[in-house]
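Subject: Structure handover and findings

Dear colleague,

Please find below the sequence and structure that I am handing over to you. My account of what was found follows directly after them.

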Amino acid sequence: MVTVDVALHRQRAEQVLPRPRLVVGGKELSDTSGGRYEHIDPATGLVQAEIPLAGPGEVDQAVAAARGAFEVWGAMRPAERGRLLNRFARLIRDHIPDFAAICPLENGVCVGGWAENVGTHVAEWTEYYAGWADKIEGMVGAAYSPHENVEYTLAEPYGVIGHIITWNSPALSLAMKIPPSLAAGNTVVIKPAESTPFSALLFADLAREAGIPDGVINVVTGLGDAGSALVTHPGVDKISFTGGPATARRIMADAALSLKPVVFELGGKSANLLFADTDLDTVVPYCAAFAMSNTGQGCALPTRLLVERRIYDEVVARVTGVVAHLPVGDPLDPTTYIGPLISAAARDRVQGVIDKAVEDGAGRLVFGGERIDADGYFVAPTVFADVDNRSDLAQREIFGPVLALTPFDTEDEAVALANDTAYGLSAYVQSRDIARVNRLVPRLKAGTVYVNPGPNPITSPATPFGGVGLSGFGREGGRAGLEEFIHVKGVGVGRV
């Protein structure tokens, strides 16, 4: 048996953890007006760093820097922007191990699971949108009278985009938002969560090393007042936010004051429809483990498993067996699959949901359910069977390692159960019957439908990702993700 030296992994991770600071117009700010935030290592519960926080003053400086840089970046030849973004992507590839090392300390993501692929995904998204930089086109329209005038369109950047980044996978959130913004010619002000500033700082450092001009990327870690200052700032032309519906409502209300456009990715309660014609040996381990990845802290994870009744009991037993053998522990141990939750508050909230589900009889607890006695913020991976689809267990986004199983008898019932939620981010179908798949995909209320096991589906840069309902609106990924950061200007030219 190979012995894992977790202390050595921790030492290496601490060495590459970026120094806490703000980045504004290429300058590094540590004496800030927003106060300080104690960053806690989720695996140990110990203070790891003091984070300087931006207040409205620093946000104002960052927006001014971004507006100044837009005069250079927005006017740059698109091929040159693409060249710089490709250089940026190569540097990210050189630092893939650093992104992986940062994740466990930043938010408890396991180095042997989600974290090991993060840097690769950041590089892939940056490469993808670097290729778009010189392919943004307008069009010539059919004029009312072609002998008298010409009509065409220009695809232009907005200007300054404010990006409010999620904490559960900050590096991936950066990759999904920033490269398309830059490829389109915009400059950005990034507000990471106060609990997860490090990925954004590494990202900004590599961008500067790649030759991207100062002020094109600014990082202002802060609390709600910094976010509100960014949203309401007259120098910000659009807001992109990933997070929860409650915060999105506040952002939308603030943006409404100036009718500022927004794009929201707001999480989900994704259903996974499992039919009896599948290969259970392959499908069940995928369904069970994927729902628990990143300790359940993923917006599109398939946390509701709807199972055809004739295989339901077998699937419950198999899922329980898989989850029971998922290693729980220090996220810096490469053998760990389930790490800590992001904070003590998250741990207590998830445990409270589990306890209430047991008390209310919302489902039958078949595995886990208890808080793990450890220094960090751990909750045992938990499986409920026979879950009432109207219960909080099935309707709320728990954001923890909790999987809810419910049986169904017919396709119609499966679709009704899947769609019976206010969310609509993703849905999953496990079936080898292609006719059934083709029937179901149009009927599922979700921004994306994933069919049968495969690699993490959320991270393909060519596939648009986003939701409907409480899961938000707008798209990240593909051409649709690029077009979120472009506005189209119509031009009509008369003949003299």
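I begin with a salt bridge between Asp 237 and Arg 67, whose closest N and O atoms are 3.0 Å apart. This pair links distant parts of the chain, 170 residues apart: Asp 237 belongs to the loop between helix H8 (224-232) and strand E9 (238-242), while Arg 67 belongs to helix H2 (residues 56-73). Asp 237 counts as partly exposed because its relative accessibility is 23%, and Arg 67, with a relative accessible area of 30%, is also partly exposed. Please bear in mind throughout that this is a predicted model.

Further salt bridges

The count of salt bridges comes to 28. One of them joins the side chains of Arg 10 and Asp 41, at 2.5 Å from N to O. Arg 10 lies in helix H1 (residues 6-16) and Asp 41 in the loop between strand E3 (36-40) and strand E4 (47-52), so this pair ties together parts that are 31 residues apart in sequence. Arg 10 is buried, with a relative accessible area of 15%. Asp 41 likewise counts as buried, because its relative accessibility is 2% and the cut-off for a buried residue is under 20%.

Asp 348 and Arg 347 also form a salt bridge, with their closest N and O atoms 3.1 Å apart. Here Asp 348 is partly exposed, at 41% relative accessibility, whereas Arg 347 is buried, at 10% relative accessible area.

The seven-stranded sheet

Seven strands make up an open sheet with mixed pairing, in the order E13-E14-E15-E12-E11-E16-E17. Its edges are strand E13 (364-367) and strand E17 (448-451); each has a single partner strand, so one side of each is left without a neighbour in the sheet. On average, and with direction ignored, neighbouring strands of this sheet are turned by 25° against each other.

How do the strands next to E14 run relative to it, parallel or antiparallel? E13 and E14 pair in the antiparallel sense over three bridges, and Phe 367 stands opposite Val 383 in E14. E14 and E15 run parallel and are joined by three bridges; on this side, Val 383 stands opposite Leu 403 in E15.

In a regular strand, side chains alternate between the two faces of the sheet. In E14 both faces are covered: Thr 382 and Phe 384 on one side, and Val 383 and Ala 385 on the other, are all buried.

Elsewhere in the sheet, strand E11 (residues 271-274) and strand E12 (residues 304-308) pair in the parallel sense over four bridges. Within this pairing, Leu 306 in E12 is the bridge partner of Leu 273.

Two helices lie across strands of the sheet. Helix H10 (residues 280-292) lies across E11, E12, strand E14 (382-385), strand E15 (402-408) and strand E16 (426-430), and runs at about 160° to E16. Helix H12 (residues 344-360) lies across E13, E14 and E15, and runs at about 30° to E14.

Glu 308

Strand E12 also contains Glu 308. Is this residue buried or exposed? Glu 308 counts as buried, because its relative accessibility is 10%. Leaving aside residues up to four places away in sequence, Glu 308 touches Leu 274, Phe 275, Ala 276 and Phe 408. Glu 308 and Ala 394 are 86 residues apart along the chain, and their C-alpha atoms are separated by 17 Å.

A nonpolar surface patch

Which residues form the nonpolar patch on the surface? They are Val 140, Val 150, Tyr 152, Leu 154 and Val 493, which together have about 380 Å² of accessible area. Strand E5 (residues 149-157) gives the most to the patch, with three residues. Val 140 is found in the loop between helix H5 (114-130) and E5, and counts as exposed because its relative accessibility is 64%.

With kind regards

Note on methods: Residues numbered from 1 in each chain as written. Predicted model: local features only at pLDDT ≥ 70, side-chain atom pairs only at ≥ 80, totals over all residues. Heavy atoms only, no water. Patch = residues over 30% accessible without salt bridge, like charges linked within 9 Å, V, L, I, M, F, W, Y side chains within 5 Å. Areas by Shrake-Rupley, 256 points an atom, 1.4 Å probe, with all protein chains shown as cover. Salt bridge = Lys/Arg side-chain N within 4 Å of Asp/Glu carboxyl O. Buried < 20%, exposed > 50% of the residue type's maximum accessible area, 1.4 Å probe, protein only. Pairing = 2+ DSSP bridges. Axes fitted to C-alpha atoms, helices over the stretch in contact; angles between N-to-C directions. Contact = heavy atoms within 4.5 Å.
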